[in-house]
Amino acid sequence: MDPAVVIPPQGLDDLIGILDAQGYEVLGVRETDGALELGPVTAAADLPRGRIEAAEAGSVRLVDGPRAAFFDHTLPMQGLKRVVYPAQERLYTTGPDLVAAEEPVEAPPRAILGVRPCDLAALDTLTAVFEGGPFVDTRFRQRREALLLIAVNCMRPAATCFCASMDSGPRAERGFDLAIDELIQAGRHVLVVTAGSARGQEILEQLPGEPAEEADLRAAREGSRACAEAQQRRLDEGVEGLLKRSYDHPHWAAVAERCLSCANCTLVCPTCFCGTVEDRSSLDGAEAERWRRWDSCFTLDFSYLHGGAVRGETASRYRQWITHKLAHWHDQFGRSGCVGCGRCIGWCPVGIDITAEAAALAASEGRSELSGEEI
Amino acid sequence: MKPSGEKPRLAVWKFSSCDGCQLTLLDCEDELLDIAEAVEIAYFLEATRSTRAGPYDVSLVEGSISTPHEVERIREIRRDSALLVTIGACATAGGIQALRNTLDHDALRASVYPSPQFIDALATSTPVADHVAVDFELRGCPIDKRQLLETLAALLKGRKPTIPDYSQCAECKLAGTACVMVAKGVPCLGPVTQGGCGNLCPKVGRGCYGCFGPKEGANTAALAAELAKLGADRRSIRDLFGGFTAGAPAFAEERRRHER
């Protein structure tokens with residue numbers, strides 16, 4: 001790996017300028033109407049500088065942080081999923097000739113500024129889902145290949161984060177074009193920028209900066225380590241077996257008393273990939289369109305088979321979601337479906353906590369080492 | 001659904017309601033000509049005084065059943081209609097006027113009308129499906145134009161309308177709207193309300209007030225508990241569930257739990 005470069009905070013504007021000149025649409029985290037979302041960024045001033053999430057189960061509020069850091073916040077409400085896998089898209093149109101015309105894929109070159117390590121891991125997971133089998137989703141692939149990924153290593157966890165226990169953060173080891181560590185120490189504010197690809201290296205060489213000193217690299221690694229240690233939640237590796245043993249567990253009924261089956265958890269999850277396909281026709285029946293949109297295992301229609309829905313009860317829907325995510329995903333894709341981003345915890349309107357539910361199941365088996373937060 | 005050459009006959013009926021849902025049909029400005037092309041508008045008093053006797057292929061019924069006369073009339077319409085589709089919160093849940101269902105009807109009537117003896121109304125306002133078989137329901141106050149067009153397009157071709165059963169939360173997430181409850185603590189019925197309105201309230205920062213009625217399996221008790229945690233008192237929770245779909249069983253039940 002080529003040496004990292006240290007740039008001043010104003011270097012972010014240079015970076016955005018370089019990306020713009022190279023033809024990238026730059027997307028970054030923006031504060032819009034009380035929440036963080038991924039949106040167009042034209043200058044560093046667009047970033048939510050100094051803002052952090054006060055996140056808890058069922059509550060994600062933006063507040064002023066202790067310092068004027070660009071990246072002390074963590075995650076936009078929804079991750080890269082929206083970018084590579086649109087919430088709804090038209091796939092085909094057809095007319096009286098019954099020839100299906102495929103909708104062209106909108107896949108402009110996009111640079112994502114500030115991808116967190118968990119979201120990078122989630123993109124890798126989605127890629128395994130959409131491209132890993134014999135049938136490749138070419139629409140997903142075209143959008144993914146058009147991405148330039150600029151990671152930001154986390155220096156501060158939100159209370160809902162548990163990437164350290166999922167081995168997907170808080171430091172990005174791979175899968176990025178550039179990675180940034182933001183250091184603020186003793187009045188000195190710099191960004192340590194590392195290249196992770198040839199494209200990233202090319203951009204790095206244009207940035208106005210100095211080669212990074214060993215002290216800065218050490219401080220960056222130390223920041224990641226401290227961030228990992230500061231995480232308050234965790235999931236244990238044993239959760240896969242635990243869930244597979246818990247099919248008939250009475251705890252599912254207890255979760256269902258709180259669960260709204262609203263589908264928020266699945267729709268903010270950066271790896272939940274389920275979609276449904278819907279056909280629409282014009283009033284005269286001459287034109288038809290085929291659309292794909294995100295779906296969720298928390299809806300009744302999701303499990304509709306001939307004659308009725310299989311998962312009528314909320315208990316069976318929650319069990320399905322968490323068991324697929326944390327257990328059967330291993331069988332299907334050779335990894336966990338969870339990257340520990342904590343969105344499902346923060347954005348659940350009633351604050352159901354995947355780590356606490358797993359811990360509650362474990363506790364009932366007398367395995368206290370699987371501890372989430374408080375049960 | 002008809003012998004070739006003959007257009008299906010569409011009828012639009014009004015019961016106890018504000019006309020807003022049938023107005024949605026007239027609001028289909030760009031598609032109105034297509035609709036007129038696809039069907040014969042046989043009975044639609046809000047659009048034309050010209051009417052044709054039944055039978056009808058599709059009847060759209062707006063409004064709740066709230067008078068003895070309406071009980072009779074909906075039965076006749078059912079007899080005259082191959083397909084009967086109820087449209088809107090009144091026809092599918094009894095409407096805002098279903099608030100009277102839990103009150104003393106005589107006292108209520110006397111408090112509103114100087115000569116209540118002339119008011120021939122039922123003590124309750126109920127959905128059409130309580131009185132006759134309904135083939136399909138479109139929720140909303142008012143209904144959503146796209147859902148109406150999809151329903152007509154589907155029924156005219158004999159397929160099932162694609163009307164999702166997901167929550168308003170799903171609409172927020174599909175649209176990229178931040179959750180007003182999680183991000184701001186705004187009380188919202190979205191998690192227990194069927195989506196379909198086009199994300200109208202949350203996308204302007206307001207909580208959903210449930211005009212599409214309860215979603216399937218609505219866990220109103222869990223939501224009400226969370227609303228209380230956010231600081232809503234019993235009365236405001238009761239009133240939140242007492243809106244345009246107050247008569248829908250899940251909402252009516254939650255409202256009852258918050259009386260007193």
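Which strands of chain B does helix α6 lie across? The views below take this up, starting with the sheet.

This is a predicted model, in which local features need pLDDT of at least 70 and side-chain atom pairs count only at pLDDT 80 or more, while totals for chains, interfaces and linings use all residues. Residues are numbered from 1 along each chain as its sequence is written, chains are lettered from A and ligands numbered from 1 in the order in which they are written, and side-chain values use heavy atoms, without hydrogens and water.

**View 1. The open sheet of chain B.** Five strands pair in parallel in the order β2-β1-β3-β4-β5 (strands are DSSP runs of E, at least two residues, and helices runs of H or I, at least four, numbered from the N terminus; pairing takes at least two DSSP bridges). At the edges, β2 (40-44) and β5 (136-138) of chain B each pair on one side only. From one strand to the next, the twist averages 20°.

**View 2. Where β4 meets β5 in chain B.** Strand β4(B), residues 81-87, pairs with β5(B) in the parallel sense over 3 bridges. Look for V85(B), whose bridge partner in β5(B) is F136(B).

**View 3. Helix α6 of chain B.** Here is the reply to the opening question: α6 (residues 145-156) lies across β1, β3, β4 and β5 of chain B, at about 160° to β5(B) (angles run from 0 to 180 degrees between N-to-C directions, with axes fitted to C-alpha atoms, for helices over the stretch in contact; contact means heavy atoms within 4.5 Å).
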